[in-house]
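Let's walk through this model together, going from the helices to the loops and then to a pocket. Keep the 3D view open as you read.

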Amino acid sequence: MHDGLHDLEKESALPVRIAFVGLWCAADREGRSRWEPRRLKAQILPYDECDFSRVLDALTTRGFLVKYRVRDAWFGAIPTWKKHQIINNKERASELPQMPPTEDLDAWTT
């Protein structure tokens with residue numbers, strides 16, 4: 001239960017609640033994933049008719065997700081990841097770059 005996610009879903013008319021749950025499954029052990037809306041949509045909401053870029057952007061505007069760039073590639077990170085996850089030490093280390101300092105963050109409006 002999260003009032004903020006519910007409110008965002010009502011305001012945006014986008015499936016942000018189920019998408020956010022799916023992002024937790026798509027993320028690596030550090031809570032990071034590649035910012036690839038088409039691939040993420042196929043993994044998380046394969047049968048839904050929605051623009052997953054807009055879903056990701058909506059989650060970013062409310063701080064549920066952070067979009068960042070390293071060189072020419074975009075990534076996303078769940079900022080509350082370590083607060084809610086217990087990492088299996090047998091899971092392989094993240095291959096994705098860490099988030100740079102905050103000046104490189106990107107917030108979009110929906």
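Which residues of helix H2 (residues 16-26) are buried? They are Val 16, Ala 19, Phe 20, Gly 22, Leu 23 and Trp 24, where buried means under 20% relative accessible area, exposed over 50% and partly exposed in between, with a 1.4 Å probe and protein chains only. Please keep in mind that this is a predicted model, in which local features need pLDDT of at least 70 and side-chain atom pairs count only at pLDDT 80 or more, while totals for chains, interfaces and linings use all residues. Residues are numbered from 1 along each chain as its sequence is written, and side-chain values use heavy atoms, with hydrogens and water left out. The element names come from DSSP runs numbered from the N terminus: helices are H or I runs of at least four residues, and strands are E runs of at least two.

What do the buried residues of H2 pack against? Their partners are helix H1 (3-12), H3, H4 and helix H5 (81-84), with contact meaning heavy atoms within 4.5 Å.

Take H1 and H2 to begin with. Their axes come within 8 Å and cross at roughly 130°; each axis is a line fitted to C-alpha atoms, for helices over the stretch in contact, and the angle runs from 0 to 180 degrees between N-to-C directions. H1 is therefore oblique to H2, since angles under 35 degrees count as roughly parallel, over 145 as roughly antiparallel, 65 to 115 as roughly perpendicular and the rest as oblique. On the H1 side the contact is made by Leu 5, His 6, Leu 8, Glu 9 and Ser 12, and on the H2 side by Val 16, Arg 17 and Phe 20. Sorted by class, this contact has 4 nonpolar, 2 polar and 2 charged residues; here Ala, Val, Leu, Ile, Met, Phe, Trp, Tyr, Cys and Pro count as nonpolar, Asp, Glu, Lys and Arg as charged, and the others, Gly among them, as polar.

Now turn to H2 and H4, whose axes come within 10 Å and cross at roughly 85°. That angle makes H2 roughly perpendicular to H4. Here Val 16, Ala 19, Phe 20 and Leu 23 of H2 meet Phe 52, Val 55, Leu 56, Ala 58 and Leu 59 of H4. The contact of H2 with H4 comprises 9 nonpolar residues, no polar and no charged.

H4 (residues 52-61) also meets H3 (residues 37-44): their axes come within 8 Å and cross at roughly 95°. H3 and H4 are therefore roughly perpendicular to each other. Pro 37, Leu 40, Lys 41 and Ile 44 of H3 make this contact with Phe 52, Ser 53 and Leu 56 of H4. By class there are 5 nonpolar, 1 polar and 1 charged residues.

Thr 61 is also part of H4, and with 34% relative accessibility it counts as partly exposed. Thr 61 and Leu 8 are 53 residues apart in sequence, yet their C-alpha atoms are 9.6 Å apart in space.

The loops come next. Leu 65, in the loop between H4 and E2, counts as buried at 4% relative accessibility. Beyond its neighbours within four places in sequence, Leu 65 is in contact with residues including Leu 23, Trp 35, Leu 56 and Pro 79. At 67% relative accessibility, Ala 13 counts as exposed. Arg 71, in the loop between strand E2 (66-70) and strand E3 (73-77), likewise has a positive phi, near 55°, in a residue other than glycine. Arg 71 counts as exposed at 68% relative accessibility.

Finally, look for the largest pocket, which has a volume of about 240 Å³. On a 1 Å grid over the protein atoms alone, a pocket is an open set of points with protein on both sides within 12 Å along at least five of seven lines, where a 1.4 Å probe fits, and lining residues have an atom within 4 Å of a point. Grid points are joined across faces, edges and corners, and the volume is the space filled by probe spheres set on the points. Of the 15 lining residues, Ala 26, Asp 28, Arg 32, Arg 92 and Leu 96 are the closest to the centre. Strand E1 (32-34) and H3 each supply at least two residues of the lining, and E1 gives the most, with 3 residues. By class, the lining has 4 nonpolar, 3 polar and 8 charged residues.
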